[in-house]
Amino acid sequence: DLKTRVSVESKDEIGSLAKAINYLAVELDKYQTNRRQFFANISHELRTPLTYLGGYIKAIQQGLYQSDKERDQYLFIIENETERMTQLVNDLFELSKMEEGKLEFHFEDIDLCEVVQSSIEKTKLKSKEKGIEIFLKGDTNLPLANLDGLRTEQIVINLLENAIRYTEKGAITVRLWSERQKIKLSIEDTGLGIPEEDLPYLFERFYRVEKSRSRETGGTGLGLSIVKSLVVLQQGEIQVKSEVGKGTSFILSFPVVDYSQED
Ligand code: ADP
């Protein structure tokens, strides 16, 4: 159902030109569909919390609650939804900066183990609340990697928060090791797991396994797409392995600093 289509099939220059135009038309069409979908998603994601906010604020104003406890529950929902919207707006801002290539990185030779330790420290409160322990297992004396420390911490924190969010009970294990000029890091949980058919789409914006799963647990659906971009922009790779009911592990890989190339 493309609007533009040049139907020249000859094998000469005009034929090749027609082919190129048709190719561009298909790409443009894909891009536009993608864009439309993106805006539809944003509108939906913002409308839902706004509906909650409006409803509960009205309920409090009109005294539509049976007890102080119920009113406090409404306030709690208002607080949660406000947090979710703030997170969404922050994530969108981050994504737009990334797309424009405006996200700045301050590359330094860093020890990934330190980044992991501080990330664990920062997510400790959340994991404690759920009774989930985080273990760090790794080689000491790992080679350094040339990364932005804060951005890398953002990646690790995001993966840890997901692991906590989608785990009911059990533990999270972070492993660090080096392998063939790469530093590797895995974050394994014993949580819900992800069905195999969802895995190829997991890093797409707004993609969620079971639409309701992350509404209840408070995600924006943008976390992993941001994580993936931050990894790729730092010459890294990310993989995921998962088994429903058993757990999920995300594996990151970054090149080690190559001192032979320095003066
Ligand atoms: P969200 O903000 O919804 O968590 P993400 O982009 O971070 O969005 O993750 C996308 C989806 O992938 C989530 O909605 C969730 O269904 C699934 N997911 C992410 N991490 C895990 C995990 N550790 N265990 C199980 N499912 C996960």
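**Figure 1. Contacts of Arg151 outside its sequence neighbourhood.** With neighbours within four places in sequence left aside, Arg151 is in contact with Glu94, Leu103, Glu104, Phe105, Leu230 and Gln234. The model shown is predicted. Arg151 belongs to helix H4, which covers residues 149-165. One of the contacting residues, Glu94, makes a polar contact through its side chain with the side chain of Arg151, at 3.1 Å. Arg151 counts as buried because its relative accessibility is 15%, and buried means under 20%. Val115 is 36 residues away from Arg151 along the chain, and the C-alpha atoms of these two residues are separated by 9.8 Å.

**Figure 2. Polar atoms of the protein around the ligand.** Tyr166, Asp189, Thr220, Gly221 and Leu224 come nearest among the 21 residues around the ligand. In the side chain of Asp189, an N or O atom is 2.8 Å from a nitrogen atom of the ligand. A polar backbone atom of Thr220 is 2.7 Å from an oxygen atom of the ligand. For Gly221, a polar backbone atom is 2.8 Å from an oxygen atom of the ligand. The ligand taken alone exposes 530 Å², of which the protein buries 99%.

**Figure 3. Make-up of the shell around the ligand.** Two or more residues of the shell come from each of H4, helix H5 (211-217), helix H6 (223-232) and strand E7 (247-255). Helix H4 gives the most, with three residues. By residue class, the shell divides into nine nonpolar, eight polar and four charged residues. Helix H4 also holds Arg151, the residue shown in Figure 1.

**Figure 4. The ring pair of Tyr52 and Tyr56.** Seven aromatic pairs are found in a search of the whole structure. Tyr52 and Tyr56 form a stacked aromatic pair, with 6.4 Å from centre to centre and 10° between the planes. The pair counts as stacked because planes under 30 degrees apart are classed that way. Both residues lie in helix H1 (residues 13-61), four residues apart, which is about one turn of the helix. Tyr52 is partly exposed because its relative accessible area is 34%, and Tyr56 counts as partly exposed at 23% relative accessibility.

**Figure 5. An aromatic cluster.** Phe38, Phe39 and Phe206 are linked into a cluster by ring pairs.

Note on methods:
Residues are numbered from 1 along each chain as its sequence is written. This is a predicted model: local features need pLDDT of at least 70, side-chain atom pairs count only at pLDDT 80 or more; totals for chains, interfaces and linings use all residues. Side-chain values use heavy atoms; hydrogens and water are left out. Buried means under 20% relative accessible area, exposed over 50%, partly exposed in between (1.4 Å probe, protein chains only). Contact means heavy atoms within 4.5 Å. A polar contact is a pair of N or O atoms within 3.5 Å; within protein, one must be able to donate a hydrogen and the other to accept it, and residues adjacent in sequence count only if both atoms are side-chain atoms. A residue is near a molecule or strand if one of its heavy atoms lies within 4 Å of it. Accessible areas come from the Shrake-Rupley method with a 1.4 Å probe; for residues, only the protein chains shown count as cover. Ala, Val, Leu, Ile, Met, Phe, Trp, Tyr, Cys and Pro count as nonpolar, Asp, Glu, Lys and Arg as charged, and the others, Gly among them, as polar. Rings of Phe, Tyr and Trp (its six-membered ring) pair if their centres lie within 6.5 Å; planes under 30 degrees apart count as stacked, over 60 as edge-to-face and the rest as tilted.
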